[in-house]
Amino acid sequence: LDTLEKWVTEIFSEIPNNGLPKPSFGHLTQPFDTPEFHKLYRVVPIRKVHSLTITWALPPQEQYYRVKPLHYISWLVGHEGKGSVLSFLRKKFWALALYGGNAETGFEQNSTYSIFSISVTLTDEGYKHFYEVAHIVFQYVKMLQKRGPDKRQVIWEEIQKIEANEFHYQEQTDPVDYVESLCENMQLFPKEDFLTGDQLLFEYKPEV
């Protein structure tokens with residue numbers, strides 16, 4: 001650590017601190033509220049695969065990193081058990097896989113917006129019925145919205161415990177990758193959450 005501190009001091013101490021605040025683009029509200037965004041796009045893939053991706057542009061969620069509402073929603077949407085979207089689609093032989101969420105960084109989450117996507121890997125038969133598949137996804141999201149999260153704290157706590165276990169028992173990563181990740185976290189979280197802010201859930205707030 002002493003050697004590293006010496007190197008950092010030598011390399012970075014000459015860089016002036018202009019005392020400027022971190023730039024924010026929060027004034028650029030609703031960047032996707034355009035006719036181009038509210039459309040269906042068909043893209044011919046290179047690989048032989050059928051995939052339906054539904055994308056929503058939401059208000060910035062950075063401030064809710066201790067709650068992680070999008071992680072909570074993606075957990076429910078991506079559930080594969082009885083009563084889930086994927087279970088229903090598989091019974092119809094329309095889908096092979098489904099996942100949703102937000103990477104909580106970069107293009108998908110910043111001071112202007114947060115992206116939330118749900119992607120469904122379709123069978124050949126599912127591709128013929130992709131409108132119905134999209135309708136089923138929207139029905140499920142509508143059901144979650146209607147029922148609300150108030151009675152779902154058990155699910156949130158389950159996610160919290162799983163993420164905590166994965167954090168405590170994670171494999172050692174490459175030091176360079178780890179430092180890069182920490183440097184990114186230093187731009188996003190208070191110092192007490194540099195190590196954990198991108199992984200752990202801290203607070204249950206159903207209103208969020």
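The questions and answers below go through the sheet, a pair of packed helices and some salt bridges of a predicted model.

In this model, local features need pLDDT of at least 70 and side-chain atom pairs count only at pLDDT 80 or more, while totals for chains, interfaces and linings use all residues. Residues are numbered from 1 along each chain as its sequence is written, and side-chain values use heavy atoms, with hydrogens and water left out.

Q: In what order do the strands of the open sheet stand?
A: Strands here are DSSP runs of E with at least two residues, and helices are runs of H or I with at least four, both numbered from the N terminus; two strands pair if DSSP finds at least two bridges between them. β1 (50–58) and β2 (95–101) each have a single partner strand, so they stand at the edges and one side of each is left without a neighbour in the sheet. The pairing is antiparallel, and the order of the three strands is β1-β3-β2.

Q: How many bridges pair β1 with β3?
A: Strand β3 covers residues 114–122 and runs in the antiparallel sense to β1. Within β3, Ile115 stands opposite Ala57. The number of bridges over which β1 and β3 pair is nine.

Q: Are α2 and α6 roughly parallel or roughly perpendicular to each other?
A: Helix α2 (residues 69–77) and helix α6 (residues 153–168) have axes 11 Å apart and pack at an angle of about 100°, where axes are lines fitted to C-alpha atoms, for helices over the stretch in contact, and angles between N-to-C directions run from 0 to 180 degrees. Angles under 35 degrees count as roughly parallel, over 145 as roughly antiparallel, 65 to 115 as roughly perpendicular and the rest as oblique. The two helices are therefore roughly perpendicular.

Q: Which residues of α2 meet α6?
A: On the α6 side, the residues are Ile155, Trp156, Glu158, Ile159, Ile162 and Glu163. On the α2 side, they are His71, Tyr72, Trp75 and Leu76.

Q: Is Lys128 buried or exposed?
A: Lys128 forms a salt bridge (a side-chain nitrogen of Lys or Arg within 4 Å of a carboxyl oxygen of Asp or Glu) with Glu125, their closest N and O atoms being 3.7 Å apart. Both lie in helix α4 (residues 124–128), three residues apart. Buried means under 20% relative accessible area, exposed over 50% and partly exposed in between, with a 1.4 Å probe and protein chains only. At 61% relative accessibility, Lys128 counts as exposed.

Terms used. Contact = heavy atoms within 4.5 Å.
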